[in-house]
Amino acid sequence: MTPDIEKGPAPLEVDLDAGDSKDPEGRPLSYTWQIDGKDESSERRFTYRVTERRTYKVTLIVTDDSGLENSTNKTLTVEKPNEPPRAVMSLEPDTGTAPL
């Protein structure tokens with residue numbers, strides 16, 4: 001399993017790719033992608049979008065046409081979104097007769 005990113009700010013789109021998965025006998029494979037135990041896709045590659053800030057368990061299960069399977073897990077961490085800086089200024093004096 002190769003996610004293009006494993007950590008980042010929300011919202012986060014992650015491309016998940018099982019393309020390096022192989023069967024030793026060359027049998028065809030089927031794929032099951034799970035996020036926190038819930039089936040999300042059966043494609044070899046798919047994009048998953050997350051908006052909630054937390055840690056997700058990503059699981060890839062590959063199964064050959066004889067029913068043998070194997071799996072691997074990765075952790076996806078979604079962080080607090082990047083926020084713009086806050087600009088603050090003060091002027092002293094801020095009123096008066098010219099020249100100040």
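Predicted model: local features only at pLDDT ≥ 70, side-chain atom pairs only at ≥ 80, totals over all residues.
Strand 6 pairs with strand 3 (residues 12-17) in the antiparallel sense, over six bridges. Within strand 6, Val50 has Leu12 standing opposite.

Two aromatic pairs are found in the structure. One is formed by Trp33 and Phe46 and is tilted, with a centre-to-centre distance of 5.8 Å and an angle of 55° between the planes. This pair links distant parts of the chain, as Trp33 belongs to strand 4 (residues 29-35) and Phe46 to strand 6, 13 residues apart. Both Trp33 and Phe46 are buried. Phe46 also forms an aromatic pair with Tyr48; here the geometry is edge-to-face, at 6.3 Å centre to centre and 65° between the planes. Tyr48, like Phe46, is buried.

The loop between strand 6 and strand 7 (55-64) contains Glu52. With a relative accessible area of 47%, Glu52 is classed as partly exposed, because the exposed class requires over 50% and the buried class under 20%. The C-alpha atom of Glu52 is separated by 12 Å from that of Leu76, 24 residues apart along the chain. A contact between a charge and a ring involves Arg54 and Tyr56: the charged end of Arg54 sits over the ring of Tyr56, 3.9 Å from the ring centre.

Key:
Residues numbered from 1 in each chain as written. Heavy atoms only, no water. Pairing = 2+ DSSP bridges. Helix = DSSP H or I, 4+ residues; strand = E, 2+ residues; numbered from the N terminus. Buried < 20%, exposed > 50% of the residue type's maximum accessible area, 1.4 Å probe, protein only. Phe/Tyr/Trp six-rings, centres within 6.5 Å; stacked < 30°, edge-to-face > 60°. Lys NZ or Arg CZ within 6 Å of the ring centre and 35° of its normal.
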